[in-house]
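Dear colleague,

Please find below the structure that I am handing over to you, together with its sequence. A summary of the findings follows.

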Amino acid sequence: MLNKPPLNQLMQNMDSKYTLVIVAAKRARMMISDNPDMLANSMMNPVSMALNEIAEGKTFWQPKNNAE
């Protein structure tokens, strides 16, 4: 169960829960690829770290404009 950060806080920066999941997963993969030893040494899960970044406004998503 996700207690922190609250879902309401996470959804302030996203347009849907689907978008939230995709952005968090991509960010977690980026963190792992940048630092492969992260999984062995870290106390916090990379997905949790990504969700915290989204809640703090450090990671965000902007939709592509298809009109161009």
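**Surface and overall layout**

The accessible surface of the protein amounts to about 5400 Å², and carbon and sulfur atoms account for 53% of it. Please bear in mind that this is a predicted model. The protein contains 4 helices and 0 strands, which gives the pattern α-α-α-α when it is read along the sequence. It has 68 residues, of which 26% count as buried. Among the contacts in the protein with a separation of 6 or more, 51% are between residues 24 or more positions apart.

**The nonpolar core**

The largest nonpolar core consists of 12 residues: Leu10, Met14, Leu20, Val23, Ala24, Ala28, Met31, Met38, Ala50, Leu51, Ile54 and Ala55. Two or more of these residues come from each of helix 2 (17–34) and helix 4 (46–56). Helix 2 supplies the largest share, with 5 residues. One member of the core, Ala24, touches Ala50, Leu51 and Ile54, when residues up to four places away in sequence are not counted.

**Salt bridges**

The structure holds 2 salt bridges. In one of them, Arg27 pairs with Glu53, and the closest N and O atoms are 2.7 Å apart. Because Arg27 belongs to helix 2 and Glu53 to helix 4, this pair ties together parts that are 26 residues apart in sequence.

Is Glu53 buried or exposed? Its relative accessibility is 18%, and the limit for a buried residue is under 20%, so Glu53 counts as buried. Leaving aside residues up to four places away in sequence, Glu53 touches Arg27, Met31, Lys58 and Thr59.

**A nonpolar patch on the surface**

Which residues form a nonpolar patch on the surface? They are Tyr18, Val21 and Ile22, which together have about 320 Å² of accessible area. Tyr18 is located in helix 2. This residue counts as exposed because its relative accessibility, 63%, lies above the cut-off of over 50%.

Yours sincerely

Definitions and conventions: Residues numbered from 1 in each chain as written. Predicted model: local features only at pLDDT ≥ 70, side-chain atom pairs only at ≥ 80, totals over all residues. Heavy atoms only, no water. Core = buried A, V, L, I, M, F, W, Y, C linked by side-chain atoms within 4.5 Å. Buried < 20%, exposed > 50% of the residue type's maximum accessible area, 1.4 Å probe, protein only. Contact = heavy atoms within 4.5 Å. Patch = residues over 30% accessible without salt bridge, like charges linked within 9 Å, V, L, I, M, F, W, Y side chains within 5 Å. Areas by Shrake-Rupley, 256 points an atom, 1.4 Å probe, with all protein chains shown as cover. Salt bridge = Lys/Arg side-chain N within 4 Å of Asp/Glu carboxyl O.
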